Amino acid sequence: MYVFGDSLVDSGNNNYLPVNSSAKFLPYGIDFGGKPTGRCTNGKTVVDYIGLPFVPPYLGLSKNQRNKITTGVNYASAGSGILEETNKEKYLSLDTQIEFFHRTVNNNLPKMLNEQAKLERHLSESLFVVSTGVNDYFQNKTFRGSSKFALHLLKEFSLRLQRLYSLGARKFFVNNIPPAGCFPSKAARSRPKGKCDEKINRGISFYNKGLPDLLHELQSKLPGFTFILSDLYKFIMELRETGNRYGILETWKSCCPNTIYGEIICRPYTVPCPDRNTHLFFDEHPSQIANQIYARRCLNETTICRTSSLKLLSV
């Protein structure tokens, strides 16, 4: 499994970048062996539930390790987006992530897969997880929610998927963009408190509505292209209403910080809520329990994840 995207799937690449990241410190990772891993949650991300063994961050691997690993690599970087200019100076852009994968294909995988046919088969049978787009909407702290911007973003995303295809990728698992208007920092500022910012969600919906057509178009013109489209937006919106079925009692408040007042930012060594399993959100990101429910529903139900012809193992 090869992973690309932002903080929803980053497994620690930003730990190796000169950036200020709270995910380098507790309470991040408090439920992942009690230590921070660079994941932007209290424990596992959704990709940790999709594939085993855990997919290591590219920047955390030595040259020797990169030459020996054939179970997958995670190139995702929290804060990144589809567009090259989104937080470009701080994080690994999607283009940079794809370039690192290009190096993996050219320089590292041939060390273990020394025949072209073996390499091509390995890539065609691997799963490529891509979860990105939300940060593009908030460039320079300004929300860009027009339908015109969504079309531009979809076009740029298509080009990146085609680039991955040209490098050997065939099986794609694609997240749509989550309802950022429901993130704790937004819900805490709404009236009444806890209500989603519909302007933000409406803007994001323009992109999400166009994503299925984009994927079907690529499938029609690229031989062997298959995909699972994962409706993260719908999942979070549903869990806000039905979380109590899973023991999730707080569906809009963050666990860290454990307050709805002041700056809603989980800073290093902040004391989080005592029971993370009762929260949909750890900070601005889904909690481990939400990620677990998401993976289970995606792999076992057709309402959250729609497939072209690709099947994943149930968990």
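1. Secondary structure first. The protein chain carries 9 helices and 8 strands. Keep in mind while reading on that this is a predicted model.

2. Overall dimensions. The radius of gyration of the protein chain is 19 Å, which agrees with the value near 20 Å that a compact globule of 315 residues would have. Burial and surface. Of the 315 residues in the protein chain, 58% are buried. The chain exposes about 13,900 Å², and carbon and sulfur atoms supply 51% of that area.

3. Contacts along the sequence. If you take the contacts in the protein chain with a separation of 6 or more, 70% of them are between residues 24 or more positions apart.

4. Charges. I get 40 positive and 27 negative side chains in the protein chain. The centres of the two sets lie 1 Å apart.

5. A look at N14. Where does N14 sit? This residue is in the loop between β1 (2-5) and α1 (46-50). N14 counts as buried because its relative accessible area is 4%, and the cut-off for buried is under 20%. Setting aside neighbours within four places in sequence, N14 is in contact with V19, K24, S77, A78 and Y91.

6. Disulfides as a set. How many disulfides are there? The count comes to 4. With the bonded cysteines of the protein chain numbered in sequence order, the pairing reads 1-2, 3-6, 4-5, 7-8.

7. C255 and C273. These two cysteines are joined by a disulfide with an S to S distance of 2.0 Å. The torsion about the S-S bond of C255 and C273 is about -100 degrees, so this disulfide is left-handed. The pair links distant parts of the chain, 18 residues apart, with both C255 and C273 in the loop between β6 (250-254) and β7 (279-281).

8. C256 and C266. Here too the sulfur atoms form a disulfide, 2.0 Å apart. Is the link of C256 and C266 left-handed or right-handed? With 80 degrees about the S-S bond, the link is right-handed. C256 and C266 are 10 residues apart, and each lies in the loop between β6 and β7. C256 is buried, and C266 is buried as well.

9. C298 and C305. The sulfur atoms of this disulfide are 1.7 Å apart in the model. The torsion about the S-S bond of C298 and C305 is about -105 degrees, so the disulfide is left-handed. Both C298 and C305 are buried.

10. The cysteine without a partner. C40 is in no disulfide. The nearest cysteine sulfur to C40 belongs to C266 and is 10 Å away, whereas the cut-off for a disulfide is 2.5 Å. C40 is buried because its relative accessible area of 9% is under the 20% limit.

Note on methods: Residues numbered from 1 in each chain as written. Heavy atoms only, no water. Helix = DSSP H or I, 4+ residues; strand = E, 2+ residues; numbered from the N terminus. Rg over C-alpha atoms; globule rule 2.2 N^0.38 Å. Buried < 20%, exposed > 50% of the residue type's maximum accessible area, 1.4 Å probe, protein only. Contact = heavy atoms within 4.5 Å. Areas by Shrake-Rupley, 256 points an atom, 1.4 Å probe, with all protein chains shown as cover. Lys, Arg positive; Asp, Glu negative; His and termini not counted. Charge placed at Lys NZ, Arg CZ, Asp CG, Glu CD.
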